[in-house]
Amino acid sequence: QVQLVESGGGLVQAGGSLRLSCEASGPTFSTSPMAWFCQAPGKEREFVAAISWSGSRYYADSVKGRFTISRDNAKNTVYLQMNSLKPEDTAVYYCATRRGGLRTDSQYDFWGQGTQVTVSS
């Protein structure tokens with residue numbers, strides 16, 4: 001069983017930055033794809049970014065150029081550096097992982113509890 005624990009959310013002004021972290025348990029982290037999703041009130045969960053075991057990165061169009069996903073396999077941790085934040089980025093952010101290859105839809109097997117990001121205008 002994989003457990004994911006996110007941290008780093010908070011309140012920030014528009015234009016500011018936050019770095020989210022997600023620490024994973026289990027021996028397969030270094031060979032597993034990792035992803036970040038977000039869910040705003042009243043909306044469905046949306047893909048934000050993903051990184052393969054080899055380091056290939058994929059982003060939603062809405063965050064390209066502003067967010068960066070990275071991973072540290074020695075620490076079993078994936079990060080989401082969020083720059084130039086906008087009020088519309090306000091959401092609960094979840095990290096996720098799955099057996100098998102990387103996907104950019106919500107077909108992930110394991111999810112964290114989420115961390116709130118609030119961007120004020």
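1. Phe37 sits opposite Phe47 of strand S5. Please keep in mind that this is a predicted model.

2. Strands S4 and S5 run antiparallel to each other, paired over five bridges. They make a hairpin with six residues between them, and Gly42 in that turn has a positive phi of about 80°.

3. On to the next partner. S5 also pairs in the antiparallel sense with strand S6 (residues 57-59), this time over three bridges. Here Ala50 stands opposite Tyr58 in S6. The hairpin of S5 and S6 has five residues between the strands, with Gly55 taking a positive phi near 105°.

4. Is S5 mostly covered or uncovered? It is mostly covered, as five of the six residues in S5 are buried.

5. Val48 is worth a click. Setting aside neighbours within four places in sequence, Val48 is in contact with Trp36, Phe37, Cys38, Tyr58, Tyr59, Ala60, Val63, Phe67, Leu80 and Tyr93.

6. Now for the wider picture. The largest nonpolar core has 35 residues, and Val48 is among those with the most contacts inside it, along with Leu4, Trp36, Phe67, Leu80, Met82 and Tyr93. Elements that give two or more residues to this core include strand S4 (34-39), strand S5 (46-51), strand S7 (67-72), strand S8 (77-82) and strand S9 (91-97). As general background, nonpolar side chains in soluble globular proteins tend to be buried together.

Conventions
Residues are numbered from 1 along each chain as its sequence is written. This is a predicted model: local features need pLDDT of at least 70, side-chain atom pairs count only at pLDDT 80 or more; totals for chains, interfaces and linings use all residues. Side-chain values use heavy atoms; hydrogens and water are left out. A nonpolar core is a set of buried Ala, Val, Leu, Ile, Met, Phe, Trp, Tyr and Cys residues joined through side-chain atoms within 4.5 Å. Buried means under 20% relative accessible area, exposed over 50%, partly exposed in between (1.4 Å probe, protein chains only). Helices (H or I, at least four residues) and strands (E, at least two) are DSSP runs, numbered from the N terminus. Contact means heavy atoms within 4.5 Å. Two strands pair if DSSP finds at least two bridges between them.
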